[in-house]
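I opened this notebook to record what I looked up in one structure. The entries follow the order in which I consulted it.

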Amino acid sequence: VATGQPDNIHVTRRAAGAEISSVIDRAQAAIVESQPEIAIGEDGQRLASKEVVILITLPKRDTGTATNVTTRGVGSAAFALRPQLRITGGRMFRPGVSEVIVGASIAERFEGAALGSAMRFGGREWRVVGIFEAKGSAYDSEVWTDADQLQRAFRRNAWSVVVARIADPGALPEIRRRLENDPRLTLDVKAEREFFEDQSKALSNFISYLGLTLSVIFSVGAMIGAMITMYAAVANRTGEIGTLRAL
């Protein structure tokens, strides 16, 4: 939940549920970016970031087990939209180059994620040139790089999500109504904080259902084990029980 900013909107494909499964084509992304509610940055450009989100696998440092890691391709506006991010080691990646920066959590837990190391994914090698912190938000567990380079590496021609800042947070209902009712678009528009709250709830519900299912399975297993133990004890003492009953 701490990942979201109160004046940012998060736009994904309708009913996608997560950034990984969302696809927004370039025409739709351009329409979102051109909305009058989008704030203008100090450089005169709109504060909107068209991003690609992909899963890669990296080996854990302690066990060597390959684990999915979220990799986010971003543009220059991405950092203005996330003021909680700061580079703590190295430098920022250069646009147009196969360079990445990694969250502090990734750098600590995964092989090849240390500053100066090299990762291999998308058919090419990526140099780790920086480490960043995001104040404990979800971004601490991500790898960031140039969006255009990530698209080319994975042969993609669309975006996963558009993140933008609106000049007036009170204008959210209006921009949401306009975009969601536009017949050219199939998009969901949410406040960024609302989006990550929904993600947290979905994960929490999954964990609750998983915990309940495992509890039921283990309970049934424990009862069967107790019954087997009881019947085995009785079967081993059949002669004694028969003698007792005869007496």
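**Entry 1: a buried pair**

I began with Arg72, which is buried at a relative accessible area of 0%; buried means under 20% relative accessible area, exposed over 50% and partly exposed in between, with a 1.4 Å probe and protein chains only. I note that this is a predicted model, in which local features need pLDDT of at least 70 and side-chain atom pairs count only at pLDDT 80 or more, while totals for chains, interfaces and linings use all residues. Residues are numbered from 1 along each chain as its sequence is written, and side-chain values use heavy atoms, with hydrogens and water left out.

Which residue forms a salt bridge with Arg72? I found Glu19, with the closest N and O atoms 2.9 Å apart. A salt bridge is a side-chain nitrogen of Lys or Arg within 4 Å of a carboxyl oxygen of Asp or Glu. Glu19 lies in the loop between strand 1 (8–13) and helix 1 (26–33) and Arg72 in strand 3 (residues 66–74), so the pair ties together parts 53 residues apart in sequence. Helices (H or I, at least four residues) and strands (E, at least two) are DSSP runs, numbered from the N terminus. Glu19 also counts as buried, at 10% relative accessibility.

**Entry 2: other salt bridges**

I recorded a count of 16 salt bridges by this rule. The side chains of Arg177 and Glu174 meet in one, at 2.7 Å from N to O. These two residues are three apart in helix 5 (residues 172–181), so about one helical turn separates them. Arg177 is partly exposed at 44% relative accessibility, and Glu174 is partly exposed at 32%. I then noted a network in which salt bridges that share partners join Glu19, Glu51, Arg72, Arg82 and Glu142.

**Entry 3: the nonpolar cores**

I looked up the largest nonpolar core and found 40 residues; Ile9, Val11, Val100, Val102, Ile106 and Met119 have the most contacts inside it. Such a core is a set of buried Ala, Val, Leu, Ile, Met, Phe, Trp, Tyr and Cys residues joined through side-chain atoms within 4.5 Å. Strand 2 (residues 48–59) gives the most to this core, with five residues. Apart from this core lies another, of twelve residues, among them Val74, Leu85, Val129 and Phe195.
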